[in-house]
Amino acid sequence: PVQKITIIPRTSGALGYTLQVEQDNHYLMTKEDLGMLRSFTKELGTTDCESQKQHITLFNELLKEHIAQAQDDIVKKAKMYRIIPLSVGMVISLLVI
């Protein structure tokens with residue numbers, strides 16, 4: 001049977017083509033095959049979502065570690081910047097004396 005007919009208009013006439021399907025098309029899928037394919041893709045999508053959740057959780061943990069390290073660095077540098085003027089002042093006072 002004919003599945004598709006296409007007509008292309010031209011100035012000197014019309015051209016076109018027809019797409020025909022074999023009577024015994026063994027490439028078509030049965031309902032059982034489609035059900036198996038749907039269940040496979042559903043499982044594949046579920047696994048992909050779970051994998052994405054694991055990656056997001058891992059990224060979140062790494063981000064928390066980096067934030068904690070940055071906060072520790074800020075505390076250490078703040079202490080250092082408080083001590084520097086005191087030590088410079090002591091050195092200057094010792095040089096003056």
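What pLDDT does the chain average? Color this predicted model by confidence to find out. The average is 80, and 88% of the residues score at least 70.

Now select by secondary structure. The chain has one helix and two strands.

Go to residues 13-20. This is strand β2, where confidence is lowest, at a mean of 74. Where pLDDT is low, predicted coordinates should not be read in detail. Next, select residues 31-96. This is helix α1, where confidence is highest, at 85.

Stay on helix α1 and pick Ile84, which is found there. Is Ile84 buried, partly exposed or exposed? Ile84 counts as partly exposed because its relative accessibility is 38%.

Finally, show the surface of the whole chain. Its accessible area comes to about 9,500 Å². Carbon and sulfur atoms hold 64% of that. How many of the 97 residues count as buried, as a percentage? The figure is 1%.

How values were computed:
Residues numbered from 1 in each chain as written. Predicted model: local features only at pLDDT ≥ 70, side-chain atom pairs only at ≥ 80, totals over all residues. Heavy atoms only, no water. pLDDT = per-residue confidence, 0-100. Helix = DSSP H or I, 4+ residues; strand = E, 2+ residues; numbered from the N terminus. Buried < 20%, exposed > 50% of the residue type's maximum accessible area, 1.4 Å probe, protein only. Areas by Shrake-Rupley, 256 points an atom, 1.4 Å probe, with all protein chains shown as cover.
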